[in-house]
Amino acid sequence: TATLGNRSGVPVSPEITEIESMKLDPQALQSGNKTHNQLGMYRGQRMSGRKPILNTGITIEIDRELDPALFRESFNYVVSKADALRSVFRFADGGVRRMVLEPEELGFELEVHDFTAQPDEADAWINACLLQNFNLKKRLFDAALLKLADDKYVWLLVQHHLICDGISCANIVEHVSNRYAQLESGDRSDFDLPPYTDLVQR
């Protein structure tokens, strides 16, 4: 840690020092592979400690029979194609940098939870998931499929605001839905998604 020139003398991490010094430096932002807004959110998250102040989450009700294994495969496929979902933020080479991990580095497997016997408990489980603390260095999303009945599911998708906004979140939902429909029809053809940088520039 390093101590800033403040009156309290409280140790401040090198990350916070770097954030303060480069807030308006476009060259530093570009070299760190991040946007000015991301830097601001990163700073806010670090200053708040481990409070989940920037978690965003949606639940999607699916009123039909579903193949959980096929849904898991569809979501994993989109994760492998969407570099935003695989983005993490680490302090390296003297700065905060956005890095894109390989899917296997995320340590993630979409879980299916069966609430058919106790559907009223699903909401409490969802709320607890929304309040989780993401490790900015390891993974910034979570997702699960909750079964409420044979023909009723809820898909929960939670992301840190560092890697998503309303439009990008809707895009992820659309891509997973399209991939599921594709696999369900027997079509396993490949497709690519636009890189995160293209979405930021729109």
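A charge sits over a ring if NZ of Lys or CZ of Arg is within 6 Å of the ring centre and within 35 degrees of the ring normal. In this predicted model, arginine 179 meets that description, lying over the face of tyrosine 77 at 3.7 Å from the ring centre.

- Phenylalanine 75 belongs to helix 4 (residues 68-81) and phenylalanine 141 to strand 7 (residues 141-149), so their contact ties together parts that are 66 residues apart in sequence.
- Phenylalanine 75 is buried, at 0% relative accessibility, and phenylalanine 141 is buried with a relative accessible area of 0%.

**The pair of phenylalanine 115 and tryptophan 125**
- Phenylalanine 115 and tryptophan 125 pair edge-to-face, at 6.3 Å centre to centre and 65° between the planes.
- Phenylalanine 115 sits in the loop between strand 6 (111-114) and helix 5 (122-130), while tryptophan 125 is in helix 5, so this pair ties together parts that are ten residues apart in sequence.
- Phenylalanine 115 is buried, with a relative accessible area of 11%, whereas tryptophan 125 is partly exposed at 27% relative accessibility.

**A cluster of rings**
- Phe71, Phe75, Phe108, Phe141, Trp155 and Tyr180 are linked into a cluster by ring pairs.

**Arginine over a ring**
- Arginine 139 lies over the face of phenylalanine 141, at 5.7 Å from the ring centre.
- Phenylalanine 141 is also a member of the ring cluster.

Methods:
Residues numbered from 1 in each chain as written. Predicted model: local features only at pLDDT ≥ 70, side-chain atom pairs only at ≥ 80, totals over all residues. Heavy atoms only, no water. Helix = DSSP H or I, 4+ residues; strand = E, 2+ residues; numbered from the N terminus. Buried < 20%, exposed > 50% of the residue type's maximum accessible area, 1.4 Å probe, protein only. Phe/Tyr/Trp six-rings, centres within 6.5 Å; stacked < 30°, edge-to-face > 60°.
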